[in-house]
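Subject: Model for you to look at

Hello,

Here is the structure I promised to pass on. Please open it first, then read my notes below.

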Amino acid sequence: MQPLKILVTGGNGFVGRQICQLANRQEIHTISLSRTGQPKDLINDSLPYVEWVNADVFDLDSWKQHLIDCHAVIHCIGIIEEKPELNQTFERIIFESARTVGLAAKQAGVSRFVYLSAGAGAPETPVTYMENKVASENFLRTLGFHLSILRPGLIYGPDKPETILENEQIQHLLNDPHIGVHIRPNRPLPVESVAKVALLACTKYLGEILDVDAIEHIASQHV
């Protein structure tokens, strides 16, 4: 039986790195695709099952060969703030990257695709951010994958200390009977839970849309 192989785009980002670490513990051959390759704070043999690939996702010729024999792709690339002067817009980094990776994965015969989308954004979340997340979801549906779309709200973890503080603030609001009921559907999730469910979706169909409730439940069932 051929060993499981997956490709994670944005593999050295907040969620992507957590996925790679979890996949390594399960001895899954993991291709981590990012512009910066291997994180500087990891020594060469820290994650022996992870192959760090330094490439621009839009430069297909530099990385598409890594899709050969991949069972699944987990797409984690995204931004929360646009920088038009660097060609980093929501349309390009969220939608166009998902479109590029989705088409390449389909052409390579990948059967499963896991997309890290988002639940309802915070009040200050730009409308175009959510529009491009939805557009990405809709496009990926057209490609015929076993598709799983994760829609977490705030994701928190120690690699981003500011998210720990945000989570603590939101937890206080959740206890308010007037406010809590409105924000509970998109309550914060630990990065470990999101990574765990994304990785599970590579081998088991968990449903197309996985909201906060679903992610939390599935993660709790797979300790």
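**The sheet**

In this predicted model, 7 strands build an open sheet with parallel pairing, in the order β3-β2-β1-β4-β5-β6-β9. Strands here are DSSP runs of E with at least two residues, helices are runs of H or I with at least four residues, and both are numbered from the N terminus. Two strands pair if DSSP finds at least two bridges between them. β3 (50-54) and β9 (209-210) are the edge strands; each has a single partner strand, so one side of each lacks a neighbour in the sheet.

Two notes on how to read the rest. Residues are numbered from 1 along each chain as its sequence is written. Local features need pLDDT of at least 70, side-chain atom pairs count only at pLDDT 80 or more, totals for chains, interfaces and linings use all residues, and side-chain values use heavy atoms, with hydrogens and water left out.

**Around β1**

β1 covers residues 5-9 and pairs in parallel with β4 (residues 72-75) over 4 bridges. With β2, β1 also runs parallel, joined by 5 bridges. Which residues flank I6? In β4, I6 stands opposite A72. In β2, the bridge partner of I6 is T30.

β2 is mostly covered, with 5 of its 6 residues buried. Buried means under 20% relative accessible area, exposed means over 50%, and partly exposed is in between (1.4 Å probe, protein chains only).

Helix α1 (residues 14-25) lies across β1, β2 (29-34), β3, β4 and β5 (112-116). The helix runs at about 165° to β1. Axes are lines fitted to C-alpha atoms, for helices over the stretch in contact; angles run from 0 to 180 degrees between N-to-C directions.

**Two helix pairs**

Two packed helices are described by the angle between their axes and the distance between the axes.

Take α2 (residues 90-107) and α3 (residues 127-141). Their axes come within 8 Å and cross at roughly 10°. That makes α2 roughly parallel to α3. For these labels, angles under 35 degrees count as roughly parallel, over 145 as roughly antiparallel, 65 to 115 as roughly perpendicular and the rest as oblique. On the α2 side, the residues in contact include F90, I94, F95, A98 and L103. On the α3 side, they include Y129, A135, F139 and L140. Contact means heavy atoms within 4.5 Å.

Now α6 (residues 191-200) and α7 (residues 212-221). Their axes come within 9 Å and cross at roughly 80°. α6 is therefore roughly perpendicular to α7. S193, V194, K196, V197 and L200 of α6 meet I215, I218 and A219 of α7.

Is S193 buried or exposed? At 15% relative accessibility, S193 counts as buried. Leaving aside neighbours within four places in sequence, S193 is in contact with I215 and A219.

**Single residues to check**

I183 is in helix α5 (residues 180-183). At 26% relative accessibility, I183 counts as partly exposed. Not counting residues up to four places away in sequence, I183 touches I170, L173 and L174. The C-alpha atoms of I183 and L173 are 8.3 Å apart, and the two residues are 10 residues apart along the chain.

Most residues other than glycine have a negative phi. Two residues here have a positive value:

- E27 is not a glycine, yet has a positive phi of about 60°. E27 is found in the loop between α1 and β2. Its relative accessibility is 53%, so E27 counts as exposed.
- D69, also not a glycine, has a positive phi near 70°. D69 lies in the loop between β3 and β4.

**The whole chain**

The protein chain has 7 helices and 9 strands. Its radius of gyration is 17 Å, which agrees with the value near 17 Å for a compact globule of 223 residues. That radius is taken over C-alpha atoms, and the globule rule is 2.2 Å times the number of residues to the power 0.38. The C-alpha atoms fill a box of roughly 50 × 40 × 35 Å along the principal axes.

Buried residues make up 47% of the 223 residues. Of the contacts with a separation of 6 or more, 63% join residues 24 or more positions apart. The chain exposes about 11,600 Å², with carbon and sulfur atoms supplying 52% of it. Accessible areas come from the Shrake-Rupley method with a 1.4 Å probe; for residues, only the protein chains shown count as cover.

Best wishes
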